[in-house]
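User: I'm new to this one and would like to learn how to read it. Could you walk me through it step by step?

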Amino acid sequence: MIEHAYLIPLIPLAASALMHFGAKEDPHSPAPWIGVVAMAICLGMSLSILSAVASGSVAVPYEHNWPWFSFAASIGGKSFIYDMPVGVLIDGPAAVLLVVVTLVSLMVQIYSIAYMHDDTRYMRYFGFVSFFTASMLGLVVSSNLLVGFMSWELMGLASYLLIGFWFEKDGPTEAQKKAFMTTKLGDSGLYVALLFLFAKVGSFQLTQIHHFYDKGYMPAAAAAAIAIGLLFGAMGKSAQFPLFIWLPDAMEGPTPGSALIHAATMVAAGIFLVSRTYFCFLAAPQVMHAAAWIGCATAFLAAAMALVSYDIKRVLAFSTVSQLGFMMCALGVGGYTAGLFHLTTHAFFKALLFLGAGSVIHSVHTNDLRLMGGLSKKMIVSFFTILAAIAAISGIPFTSGYYSKDMILANIWHSGDRPLFFIMLFTALMTAFYMSRLFILAFWGEARDHEKHHHAHESPFLMTGPLVLLAFLALTSGFMLDRHGLVYKLLPKPTISVMPGEVAREHAPPATLVSATMPAEGGEHAAAPSEAKAEEHAPAHEAAAEHGEHHEGHLPHALHLALPFLVLGSIGFAFFLYKGPDYAAAESLKATFAPVFTVLDRRWYLDDAFDLLVVFCDKVAALAFWIDANVVDRVFVDGWGLLMRIVSEISNLIDALFVDRTVDGFGGLSLDLGVGLRGLVKDGQVQEYLMYVAIAFSLAATLILTR
Amino acid sequence: MNMLSLVTFAPLAGALIILCIPKEKEKAIQAVAFLFAGISLIASLAMLPGFSRGTHEMQFVERFAWIPSFGVQYFMGVDGLSYPLVLLTTFMSVIALVGSLGIEKRVKEYFFWFLVLEVGMLGVFCALDLILFYVFWELTLVPMYFLIGVWGGPRKEFAAIKFFLYTLTGSVFMLLAILALYFASTGPAHTFDMLELAKMTGGWDRHFQILVFLGLYFGMAIKVPAFPFHTWLPLAHVEAPTAISVILAAVLLKMGVYGLLRISYSLAPLGFQWFLPALIVIAVINIVYGALCAMAQTDMKKMVAYSSVNHMGYCLLGIAGMTTAGFTGAVFQMLTHGIITGALFLLVGVIYDRAHTRDISAFGGLAVKLPVYAALMSLTCFASLGLPGLAGFIGEFLCFLGAFQAWKLAATISVLGIIATAAFFLRMMQKVFLGKFNEKWADLPDMTARELISIVPLAALTVLFGVYPKWPLDLMNVTLTHMLGK
Amino acid sequence: MNAPLTLAHYMTVAGLLFLIGVFGALTRRNIIGILMSIELMFNAANINLAAFDRFLHPEGVTGQALALFVMTVAAAEIVVGLALLLAIYRGTDTVYAEDFNLLRG
């Protein structure tokens, strides 16, 4: 099955094309099932790949490349034809991500069939979702960073289309533009990193780049620059501080689409990119440290914003940002396995939360938590599934989030950075608090808006079915993966054997890898060597995982035992504040700390800063255009013309003073002569003229002959 | 069979035949124009199987003495650098002819000048003798002057004069440089033969080459257009009729970059190298500043015109890298910019024909009313802002890749230009297609068949070259590698 | 009487013919007459051409060929001239040169 992995992104892509061009728009069309079936096939393939990888029946990483196009390149003064391949590279993380993405996308699509059923652009929506998933899958399987980047950007396009799905309204169109521009800002870093990588390595192939790093050929400064660029790209897509501003606005799109963005695609892409290029970060420890702190800032700031929001989707969006901060922080402190583990579990419970929230919104027709309340009685399936998700995200023992978050905290603890650890621990408790708050406000107690409550109803089976399945995974996936260290086996941390600079003194590395990775005679550098390399490296990874990382995945015993109680305390505090119909305790707290609440409500003023940036850019643009029209044009066109005028005036003057006088003299003479002669002749008679001609001619002839 | 002469002069034959057709027979005039532009296109495509991808030598060479006393030859030939551009020219000419069917005023003269213009453009890319090159180069000016000046917008006369005088000024300096090269040539007799001259560059001293380069550069830079000689472009674009804007953006601008590669680089290499630091700065300014200027526009056509300044900046960036990847990127970018910006101008023309305004803020929510138009426009805009999977990305990326090795900082700054490009295209799409529908345009029809015929092939090529850039790249790889290998 | 014809004889005839032509062209009132006089001048030139060719370059035929050309041109010229005259006659009902003064400055 793994040899057909290239089909996994292509099938949804084909489905998307089919739905866009093949069928007419019709709210009751059965065509969305094309996307569902396509995704189900992909899920089946992904599961078989994952089981093969987990059981060890295929060697990972599996790589296969096909030639794509060639262009002439030169590195270090040496010209060669670079054959750009397109290919698949499946390793443990990719296999896991494939299952996560296809599963969540499948659930989202099934759910959407009911959720979107009366939309005027029903088909278009499913086309977008399939396209979105296809681009994410492309990123996951790609063996080539450039192809990965292309999928990455196409994902940006897909998110643009999906967020702005209801483009008749101004909110979505602003949000889609903001999302695209913010992520594009991050992408510019990734772009530069890619350029830098190629300039150094002479290849976009992940395995070759890894090899280059592994041998310590990459200079430390370049390694740092590349890591910064990659990190910047990931910060844009995975909504890290300060580029997370687009994600809360992105909820303007259809809610299932948000589920897709927040769980399986888009935001997962950034984390996945960091993990895919993790060796680049390992070679730049300072950048990793920065990544950890960026993750920490993201997690904390977003969690704080989630504390005060009353919009159910916005709370969820902030929680996504916060959880992404956890993952980034984990990757930053070297907790590769923990970060990806959390990405996996988070995908399940966050998709569940969004779909559950969609179910609630669908039923009560509002996003405002203050208008909900008491929904547990009306929406029993939604109630229990969301309860499962909230337990997972809060880290209630033995749910999935408990395992992954525990592992992240343990990794941070073992990194030795205590301030980082305590901020993240506090943020984890905040997570439990705001999720419980959401839950209490929406489902607990009595209905606050009775009319809305009256209309509330449970959603149809197509919507609740996916909820139940995701709830099952949210509860159990952590346990399943944690058992027997499966997660370490599937998500082994990559290594580099030589740090940058270490090798330099002994034997000088080549300036680039042209000589090392490019066979001088061209061609034949695709699958064979990397597969061979994979086999020799794989056991080493496992050994390292067995001994090295396992203890990093565990907190000290006392902390490990205390953590659940801290979480429960936090939940209890939330109950204390928000119990009762008008949550008086919370309101009084809000009154006491009003300035803090204002800052949080204004989202740390980051959006205002972004708006200012936009205004500033507009001003700069206007200035540039003013310069263009009034300076450049004046100087280089009108100025040139002026110069010519001056030159011509001067020459005209000379002409008039000297040359023309002479000409005038002659001209005047002949004119006078002509006028005088005209008086002699009778006008208009041809023969008379001829006569004069004859006379003149004979005179001239006589003159010449007699000379 | 002299394929290149056939390709180049078939439109001339068409132009002469059009002169003999009475001016009332507009259908016949259009048919003749299509026939001969079509012959040119088919002939250029027919060269494709015979074009060897494995050699850097000139192919399909034709050489006769033209003015023997001065060593001027009729010397034509194509290699991997020029052949893609010949294809682009013949193809875009036919597309622009489809876009010209709406012309109602002085149909005969219009198509006559159009075909003459095509001859000039094709000749520039095929000529290998400097005088021949110069003749074709100037030959493009006159038709362009009339095409803008007669069939243009409200300020057409001013735009035409500005275009004509400005570019002519540049060419005068170019002529001086060409003459300097002629008199510097050694051997049995002076020569204008580009290939022969290229072999003699080793014998010329640096100062001479710098002077020659500057003379040539002045002529080329105005055509490119490189900052600060770009200000004629927005005006000319805004005033020119749609099809002529297409030709202007798709082919005429390419003549400048082509000249830089074919003549400046190979005939004055030391001058070229001396100029590189300035060229990279100009490239960065073109990219960032062009994008910023485009951001400030409210007229869609002017915005696209400034985006051309930005995109040609990528070409300059690639050239300034002095690496094969950069050169490849520059040539590929020329192709894709021709296709994409050609499509953009056609699309802007479509909306202008209907609404008689190009003001971005005059529209709103058109995606509901004109879904096909909105889809094509979005595709083209995304291609133009360099979305991967569409053609614009490959050329742009290769340009950056080539430039980055030599100019890390400049390339990094230029990446900001990509963001600005995205910003103005997204804003345009938002204001025109998205948001609340502006009821004023309730009876706008969607695209007609004729418009689709002219735009869909371009959109298809945009996708094709984005997904599978192998074909055009294979044409140019060997030549460009050889150019830098020297 | 047996003295051979020399170049001078031919030139004399041609010169006389030319002068007759000039005289006619200057004095005839009828334009048709003027045209005929012009023909005379052409023929004077033709005689010269043939004579020069025969006496100066007996090996070549250039002059004779040129004379033939002149005759052709003269024919064409007379056609155009008559056509013009016809057009003028239609407009003014006269063929007399003194009645035309379209050239009056």
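User: How many residues does the contact take from chain A and from chain B?

Analyst: A quick note before the count: this is a predicted model, where local features need pLDDT of at least 70, side-chain atom pairs count only at pLDDT 80 or more, and totals for chains, interfaces and linings use all residues. Residues are numbered from 1 along each chain as its sequence is written, while chains are lettered from A and ligands numbered from 1 in the order in which they are written. Two residues are in contact if their C-beta atoms, placed from the backbone, lie within 7 Å. Here the contact takes 42 residues from chain A and 52 residues from chain B. Helix 6 (170-201) of chain A gives the most to the side of chain A that touches chain B, with 14 residues. Helices (H or I, at least four residues) and strands (E, at least two) are DSSP runs, numbered from the N terminus.

User: How do the residues on the side of chain A that touches chain B divide by class?

Analyst: Ala, Val, Leu, Ile, Met, Phe, Trp, Tyr, Cys and Pro count as nonpolar, Asp, Glu, Lys and Arg as charged, and the others, Gly among them, as polar. On that side of chain A there are 29 nonpolar, 6 polar and 7 charged residues.

User: Which chains share the most contacts, and where does chain C stand relative to chain B?

Analyst: Of the 2 pairs of chains in contact, A and B share the most contacts. Chains B and C do not touch, and their nearest C-alpha atoms are 25 Å apart.

User: At what angle do helix 3 and helix 20 of chain A pack?

Analyst: Axes are lines fitted to C-alpha atoms, for helices over the stretch in contact, and angles run from 0 to 180 degrees between N-to-C directions. Helix 3 (residues 92-115) of chain A packs against helix 20 (residues 461-482) of chain A at about 155 degrees, with the axes 7 Å apart. That makes helix 3 of chain A roughly antiparallel to helix 20 of chain A, a word kept for angles over 145 degrees. By class, this contact has 11 nonpolar, 1 polar and no charged residues.

User: And what about helix 13 and helix 18 of chain B: at what angle do they cross?

Analyst: Helix 13 (residues 300-320) of chain B and helix 18 (residues 408-433) of chain B cross at roughly 160 degrees, and their axes come within 11 Å. This pair is roughly antiparallel too. The contact of helix 13 of chain B with helix 18 of chain B has 6 nonpolar, 6 polar and no charged residues.

User: How many bridges join strand 1 and strand 2 of chain B?

Analyst: Two strands pair if DSSP finds at least two bridges between them. In chain B, 6 bridges join strand 1 (residues 59-67) to strand 2, and the strands run antiparallel. B:Ala65 stands opposite B:Gln73 in strand 2 of chain B.

User: Is B:Phe60 buried or exposed?

Analyst: A residue is buried if 20 or more other C-beta atoms lie within 10 Å of its own, exposed if 12 or fewer, and partly exposed in between. B:Phe60 has 20 such neighbours, so it counts as buried. B:Phe60 sits in strand 1 of chain B, and its phi is near 55 degrees, a positive value in a residue other than glycine.

User: Where is there a cis peptide bond in chain A?

Analyst: The bond from A:Phe241 to A:Pro242 is cis, with omega near -5 degrees. A:Pro242 belongs to the loop between helix 8 (220-237) and helix 9 (246-249) of chain A.

Methods: Parallel < 35°, antiparallel > 145°, perpendicular 65-115°, else oblique.
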